Amino acid sequence: MIEIAKLYRETNAGLDIILYYYPQARECVDNKKKFKVRKDERTPSAVLYSPDKEHDFYRVCDFGGDGHS
């Protein structure tokens with residue numbers, strides 16, 4: 001069984017996984033700049049959040065969707 005802590009260690013806190021699926025997010029690392037996750041979006045609506053004191057992993061919140069990371 002894969003341990004979540006090992007997964008995060010091996011994938012740069014999950015950033016490698018996010019960038020695999022959303023390579024356009026690379027320019028948004030550590031700057032809160034928005035990026036598009038859907039091809040039909042007119043304006044970027046997703047934000048890449050860095051690890052913080054509550055979360056020890058990267059996460060994406062798409063404000064054009066349901067607003068949850």
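A salt bridge here is a side-chain nitrogen of Lys or Arg within 4 Å of a carboxyl oxygen of Asp or Glu. I keep in mind that this model is predicted.

**Entry 1: salt bridges.** I counted four salt bridges by this rule. Asp62 has a relative accessible area of 14%, so I noted it as buried. Arg38 reaches 32%, so it counts as partly exposed.

Next I took Arg59 and Asp52, whose side chains meet at 3.0 Å, N to O. Arg59 is buried at 12% relative accessibility. Asp52 is partly exposed at 38%. I also found a network: salt bridges with shared partners join Arg38, Glu41 and Asp62.

Then I looked up Glu27 and Lys33, which form a salt bridge at 3.1 Å, N to O. Lys33 is partly exposed, with 42% relative accessibility.

**Entry 2: strand β3.** Are its faces covered or open? I found both faces of β3 (residues 59-62) covered. Arg59 and Cys61 are buried on one side, Val60 and Asp62 on the other. Strand β2 (residues 46-49) runs antiparallel to β3, and four bridges join them. I traced Tyr49 to its bridge partner in β3, Arg59.

**Entry 3: the surface.** I noted a nonpolar surface patch of about 400 Å², made by Ile17, Tyr20 and Tyr21. Tyr20 sits in helix α2 (residues 15-21). Tyr20 counts as exposed because its relative accessibility is 65%, and exposed means over 50%.

Key
Residues numbered from 1 in each chain as written. Predicted model: local features only at pLDDT ≥ 70, side-chain atom pairs only at ≥ 80, totals over all residues. Heavy atoms only, no water. Buried < 20%, exposed > 50% of the residue type's maximum accessible area, 1.4 Å probe, protein only. Helix = DSSP H or I, 4+ residues; strand = E, 2+ residues; numbered from the N terminus. Pairing = 2+ DSSP bridges. Patch = residues over 30% accessible without salt bridge, like charges linked within 9 Å, V, L, I, M, F, W, Y side chains within 5 Å. Areas by Shrake-Rupley, 256 points an atom, 1.4 Å probe, with all protein chains shown as cover.
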